[in-house]
Amino acid sequence: MKKTLQLLCSVILFQVSFGQERQAPAYPLITHDPYFSIWSFTDEINASPTTHWTGTDQTLLGLIKVDGKTYRFLGKEGVKYSDIVPASDSEDYRARSTESDPGRGWEQPGYDDSGWESSAAPFGDNEQAGTSWKSEDLWYRRTFDIPEKITGNMLLKLRHDDNVKVYINGKPVYQCECWNNEYKYYEIPERVQKSLKSQGNVLAIHVRNTAGGQWLDAGIVQKTEPEEKALEAKQKSVDISATQTSYTLECGPVNVDLTFTSPLLMDDLELFARPVSYISVKTTPTDGKPHNVQVYFGASSTIAANVPGQLMTTEEQATDHLSLLRAGTVEQPVLEKKGDDLRIDWGYMYVAAPKSAGTVQYVLPETEATENFMTGSKTSGIIKEGKQLMLNTVFPEEKISTTKEHLIMLGYDDIYSIQYFGKNLRPWWNKDGNSTIGKELEKAYVQYQEVVEKCKMFDTGLRGKARAAGGEAYAKICEIGYRQSIAAHKLVESPDGELLFLSKENYSNGCINTVDVTYPSAPLYLLYNPRLMEGMLTGIFYYSESGRYKEPFPAHDIGTYPKANGVVYGEPMPVEESGNMIILTAAIARAEGNAEYAKKHWESLTTWAGYLADKGFDPGNQLCTDDFAGHLARNANLSVKAIVALGCYGYLAGELGHEDIARKYTAMAREMTGKWQELADAGDHYALTFDDSATWSQKYNLVWDKVMDLRLFPEEVYRKEIAFYLKNQNKYGLPLDSRSDYTKSDWILWTATLTESETEFRKLVDPVYLFAKESKDRVPMSDWHFTSSGDVRGFQARSVVGGYFIKLLEEAWKK
């Protein structure tokens, strides 16, 4: 009996720990596009504030009263900063500045700066700057008053690029030979705080540019730590599927089942493009007794702001079945900003609840939301204008004995989504300008049960197919990648009526429609809707075919998100992008069963194939998609890409009835394959470059030879490489090549697909999932990490995780 009890306890402990097992570095909650994308960066949904994928707080808050006790089951109130001396993200201001060395004493309060320019902040080298600064040095002085006594610590709020020295009233406050790309907060020493006067204080800064971009903005704030007013619900489990993230939390004698559903089903573009997510809160007594229950949901207005300090406006609205709260910036700078670490500050967010639920909706400052609900304060109307507001929805208190569902919907109307060669494009769901977000929310509500069932069926099917194809870890990796990849794109229609599915190069450089980001992302879309794959290539074809881009190879990109007005990347990747475009066009033909898309763009494809025939086999010193590793001549893997692309061009020619061309290019690719084996041969593997047999690299570009069944390279090439890779792995995966310990996880999945057995596949793939579970960097899945430590090297939330689906694509195309 004793042994039985011990075994039972062990089973229970295992089940609890398994239910709480970490499943991802970060958890997707609301995922639609690069701007409407909210995540949890902790395993417990109530252990931290929810954030935009960039890490900026976009608070969702869930509270529940159970028999008078209040529990917090969703999110957490974040630290708030109130302005003492506003930075430019909160309020426009001017400062004195000079780019000439002012000599000694410039930081002192008594210094005469009347000869300096009075300039609008912030200072920088891009279009977001109030004042252009492009020299090496900038000196900045700003006079400020403190009319009221400040209690508590004051912090310097600073964004700088690069090296900086900061003074207040001539006293050093902060210095660093470094840079940051967002506002950071630094304690102002007590001795400096004591030196402050009610009038005439001086904030003085010297910033020096050493490389790359330039920027300076500063202010002074006071930090407010939130008081923990509600009890923290105990999380019992979490589960990620392709379209849903679900939690179960214990709130005393009542369980909360919290489910976020973003119905991104690619076989229904109307549903896929609808910018509405469901948040379901189901409450269930666990002790067989009835309990008084009341549910609260809050959403911060910062979901519709780039930075917290922006002034917001709110409004109550209604549709036939729904009560709505709306929020957006007062300014509404539609499509004015472009760049990487940005959030949307135009358009409007919506919080919707069924009228039949009898909810009360109101707007308060974020700092008052929890206490207001806990005390049951009566609130009439809404705050129509303010900063960092909370849109609150309170369901009526009910005595429940069985499960009760509370449904909230979160939507976003961005009005215009993309600027495409000078023309502003509406989102796909309103491409003709004939719909409204109210109609979309209504449809979402009416179709709720049907949509959720479709999502569950899809998720179950994906999980089963992925598990059968590559094992449990592979299934988990695909589930991590599904929503992340999609939410790094925006679906719109071009002025010519063509579908455009445009990526943002998240946490890389912010480019839009980058070809070598499209390339690794492709398997997911080829598998589920090749029309979206077309939409990832069409903008690049148009750029060349319109005469705007005149090179004999494709552009790297067509702009910086969300402005697709022409290439911005500093250096072309001629072999890389030519190969990518040809291979992916051939893959579309394979997926669709015809080459009609290739036929439309045959002239461009022919030009690019000609370029590869001339310069692709033994590439010169140039960048490839792994541009972070630098220039490389005689790149054997890039040569593989050119060879496979020429084979794909031959395949397309055959599909279109151009038999002579098909024979010519297929023969050319086969001849190059033989030469490649000789030049790249390094004994037990193939080299990184043709001229150095002491090197090695993943030959992930070979995967299209296998998946497309081109049969250019003999299987012995695959076997030799895989055998070598399996001997050179680290704990968290196979390094990209012999130059560094880091890897790209999308390429590992492609390389693993070259294996001949499930055992070999799992040996290469399972370490990627181990990285996802163990990396200390809690951000949406990074595709670039160190294989020994599991540390993120760079990148996060990128679309390239769509490449994880390459094995599923291979399995689908075998049939």
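Which helices each supply at least two residues of the lining of the second largest pocket? They are helix 15 (703-707), helix 16 (715-726) and helix 19 (806-814). The model is predicted, so local features are given where pLDDT is at least 70 and side-chain atom pairs where pLDDT is 80 or more, while totals for chains, interfaces and linings use all residues. Residues are numbered from 1 along each chain as its sequence is written, and side-chain values use heavy atoms, with hydrogens and water left out.

Helices (H or I, at least four residues) and strands (E, at least two) are DSSP runs, numbered from the N terminus.

**The second largest pocket**

Helix 19 gives the most to this lining, with four residues. The lining of the second largest pocket has 17 residues, and Lys 706, Asp 709, Glu 715, Tyr 718 and Glu 810 lie nearest the centre. The volume of the second largest pocket is about 370 Å³. By class, its lining has five nonpolar, two polar and ten charged residues. Here Ala, Val, Leu, Ile, Met, Phe, Trp, Tyr, Cys and Pro count as nonpolar, Asp, Glu, Lys and Arg as charged, and the others, Gly among them, as polar.

Pockets and cavities are found on a 1 Å grid over the protein atoms alone: a cavity is a set of points where a 1.4 Å probe fits but cannot get out, and a pocket is an open set with protein on both sides within 12 Å along at least five of seven lines; lining residues have an atom within 4 Å of a point. Grid points are joined across faces, edges and corners, and a volume is the space filled by probe spheres set on the points.

**Cavities**

The structure holds five cavities of 30 Å³ or more. The largest cavity contains about 150 Å³ of space. It is lined by 14 residues, with His 32, Phe 272, Ala 273, Lys 490 and Leu 491 closest to its centre. Helix 3 (269-273) and strand 34 (489-493) each supply at least two residues of this lining, and strand 34 provides the largest share, three residues. The lining of the largest cavity has ten nonpolar, two polar and two charged residues.

The second largest cavity has a volume of about 100 Å³. Of its 15 lining residues, Cys 624, Asp 626, Asn 635, Asp 737 and Arg 739 are closest to the centre. Its lining comprises six nonpolar, six polar and three charged residues.

**Helix packing**

Axes are lines fitted to C-alpha atoms, for helices over the stretch in contact, and angles run from 0 to 180 degrees between N-to-C directions.

| Helix pair | Axes | Angle |
|---|---|---|
| Helix 7 (472-486) and helix 18 (758-774) | within 9 Å | roughly 50° |
| Helix 9 (530-545) and helix 10 (574-592) | within 10 Å | roughly 150° |
| Helix 12 (602-615) and helix 14 (659-680) | 12 Å apart | about 30° |

Angles under 35 degrees count as roughly parallel, over 145 as roughly antiparallel, 65 to 115 as roughly perpendicular and the rest as oblique. Helix 12 is therefore roughly parallel to helix 14, helix 9 is roughly antiparallel to helix 10, and helix 7 and helix 18 are oblique to each other.

The crossing of helix 7 and helix 18 is left-handed, meaning that the near helix is turned anticlockwise from the far one by less than a right angle.

Contact means heavy atoms within 4.5 Å. In helix 7, Ala 473, Tyr 474, Lys 476, Ile 477 and Ile 480 meet residues of helix 18, including Phe 761, Val 765 and Tyr 769. This contact has nine nonpolar, no polar and two charged residues. Between helix 12 and helix 14, Ala 609, Gly 610 and Ala 613 meet Tyr 665, Met 668 and Met 672, which divide into five nonpolar, one polar and no charged.

**Backbone**

Most residues other than glycine have a negative phi, and most peptide bonds are trans. The bond from Ala 121 to Pro 122 is cis, with omega near -5°; Pro 122 is in the loop between strand 8 (117-120) and strand 9 (123-124). Another cis bond runs from Asp 161 to Asp 162, with omega near 20°. Asn 513 has a positive phi, near 60°, and belongs to the loop between strand 35 (499-503) and helix 8 (515-528).
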